[in-house]
Structures are given as structure tokens and as C-alpha cells.
Amino acid sequence: MYLRPRALALARRCFGLCVALSVVERWGVLRACYSDAGVLPVAAWRDDVGDDSLHRAVCLHAWSGSLRWQQLLSVFQLALGLLLAVDAAPRTCAVLSLWLYASATARHARLAFILDRYAHLVLLWVALAPAKPRSAAGLAAAALYRAQLAWIYWDAGYAKRADPDRGWASDARVPALDAYLRHTAVGEALRALLGPRGLRAVTPTVPLVELGAPLLCAVGALAGSTTVQWAAIGAVVAMHAGIGAAMNGAGLLSVFAAAAWLPAPVSYTHLTLPTKA
């Protein structure tokens, strides 16, 4: 089992584009959230972290509270994201991008949410992924990557299925999607199109996709079928596309989450591992 080189390259390009877009999205709040003129000046941040010297050293965004410094770091991270998007020096770009992304997260941890966790995860993976997918290390990387995706989606799906209010069940008093589809014009249009019965029918499919897609990918890999794997990935991408279109502020998160599945198709064919003499 190994991750396909073309899928890996495509994923790296998408991750780089996502990083670049995240920098553009953050640009408008640099003064308010990262400079000394905003809600958390560097002096106040230092009081929060105390004598944590490692924290202070790693957080580049706290080396200075000037807006110009924050803009300079953002331009540098934007350049790294664009370089990664063309697959230029991916490992170096991923390491530096991860440092800058983690630094921005540490500078204002209260702003961190699941998007930042996805970014940390995929950049760390690009930085550490073996150069030879068909090696023993590549085999381990494929298994670990698959396991990480499975854990993320099983955890999300199980939480929805175990919801004490049964918001994701077909017999929910108020289906969860009825609330989710009220944020944007696209969401409202879809909500009107589905109607009450459609919302009740579609709502339980979300945790089913989250729980079933990793299993279907595993079945497809064991059967040597990329068609089955891409069908599962297509269901996940469609789900995230719907989330991105229906909820305010979820567009970039959905792109990151969908891109994380691009390296997921694996192949068992022509796998040669080094053997001892």
C-alpha cells in the first residue's frame, strides 16, 4: 500500500494554495489582532505566556508588535504558500509555512479553530512525508495518513450519532441541517428545495458519510479499486462543498478538509520493499 505520487503532488499544490488563501484572509485583521494597536499587544501576550522561553522564541509574530512586521511575515508566508502551490521545494516550504502558521496561532490562540488544526496537520505531513512512496517508510506513511483521516471523521461522525438531542437523526425534533442551511443564500435555497421531509431524510447522511467514507476507502484499497476509493472521496468532498456554500466563514475550511483527502487513494500494485540479503 502506497500513496500515489501524482495524488501527493496534487495534494501539495492544493495545500500551498490553501495556505496562501489563509494569509489573504488573515490580512484584514493584522492590525486588530496581531499588532500593538489591537486587542492583544505583545506586552499583554508576554504576560499571558509568562516565562515560557520556548513559546517566546517560536512565536515570530510576537517578536514585534508593529503592523509592518506582521505584514512582512504575512508576505513571506504568502510566498511560501505560492511556492508550495507550484510544488517548488515542497519540504522546505512546508517546514517554514508550518512554523509561521504555528506562530500566528500561538500569537492569538483564542482565534484558533479547526481550520488551523487542519493546516498544522497537512503541513507537518508534507514536511515529514518520505521521498519514496514505495519504500517501507512510504508504506508506514500511507497507513498513518489513512489512520489519521479515519480518526478525524469517525470522531466527528460518532459525536453526531451520539448527540443526546438526536439532532442528526431522521426523527429529530429539529434536524441539524435546518439550522446549518440558514447562513447563506445558497443554504437557504437548498433548504427551500429540500423542504421539511427532505431535510429529515438528508440530515442523517452527514454522519453516515463521516463514518462510512474511511471504511469504503479501506475496502477499495484492499480490493485494488481506485474507483471505490474515489467514490468515497467524492462523497466527502461533496459534503464539504455543501458546508462551504451553506455556512458563513466555512469556505476555506472546506477547501482544506477536501484537499486533505487528495492523497488518500492508495495502491497495492508494484510495491517492492527492501529485503535483507
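Q: In this predicted model, what makes up the lining of the largest pocket by class?
A: Counting by class, you get 26 nonpolar, 7 polar and 4 charged residues in the lining of the largest pocket.

Q: How much space lies in that largest pocket, and which of its lining residues are the closest to the centre?
A: The largest pocket holds about 850 Å³ of space. It's lined by 37 residues, and K160, E210, M239, H240 and I243 are the closest to its centre.

Q: Which helices each supply at least two residues of that lining?
A: Helix 7 (114-128), helix 8 (136-161), helix 9 (176-180), helix 10 (185-202), helix 11 (205-222), helix 12 (226-246) and helix 13 (251-259) each put in at least two.

Q: How much space lies in the second largest pocket, and what is closest to its centre?
A: Here you have about 330 Å³ of space. There are 18 lining residues, with E25, R26, L111, F113 and D116 the closest to the centre.

Q: Which helices each supply at least two residues of the second largest pocket's lining, and what classes does that lining have?
A: Helix 1 (5-27), helix 2 (30-34), helix 6 (90-107), helix 7 and helix 13 each give at least two. By class, the lining comes out as 11 nonpolar, 4 polar and 3 charged residues.

Q: Why are helix 12 and helix 13 called roughly antiparallel?
A: Their axes cross at roughly 170 degrees and come within 8 Å. Angles over 145 degrees count as roughly antiparallel, so that's the label helix 12 and helix 13 get.

Q: What makes up the contact between helix 12 and helix 13?
A: On the helix 12 side it's V237, H240, I243 and G244, and they meet G251, S254, A257 and A258 of helix 13. Sorted by class, that contact has 4 nonpolar and 4 polar residues, and no charged ones.

Q: Why is R13 described as partly exposed?
A: R13, which sits in helix 1, has a relative accessible area of 37%. Buried means under 20% and exposed means over 50%, so R13 lands in between and counts as partly exposed.

Q: Which residues is R13 in contact with, leaving aside its neighbours within four places in sequence?
A: With those neighbours set aside, R13 touches L84, A85, V86 and D87; the cut-off for contact is heavy atoms within 4.5 Å.

Q: What separation do the C-alpha atoms of R13 and D36 have?
A: These two are 23 residues apart along the chain, and their C-alpha atoms are separated by 34 Å.

Note on methods. Residues numbered from 1 in each chain as written. Predicted model: local features only at pLDDT ≥ 70, side-chain atom pairs only at ≥ 80, totals over all residues. Heavy atoms only, no water. 1 Å grid on protein atoms, 1.4 Å probe; cavity = no way out; pocket = protein on both sides within 12 Å on 5 of 7 lines; lining within 4 Å. Points joined across faces, edges and corners; volume = space filled by probe spheres on them. Helix = DSSP H or I, 4+ residues; strand = E, 2+ residues; numbered from the N terminus. Nonpolar A, V, L, I, M, F, W, Y, C, P; charged D, E, K, R; others polar. Axes fitted to C-alpha atoms, helices over the stretch in contact; angles between N-to-C directions. Parallel < 35°, antiparallel > 145°, perpendicular 65-115°, else oblique. Buried < 20%, exposed > 50% of the residue type's maximum accessible area, 1.4 Å probe, protein only.
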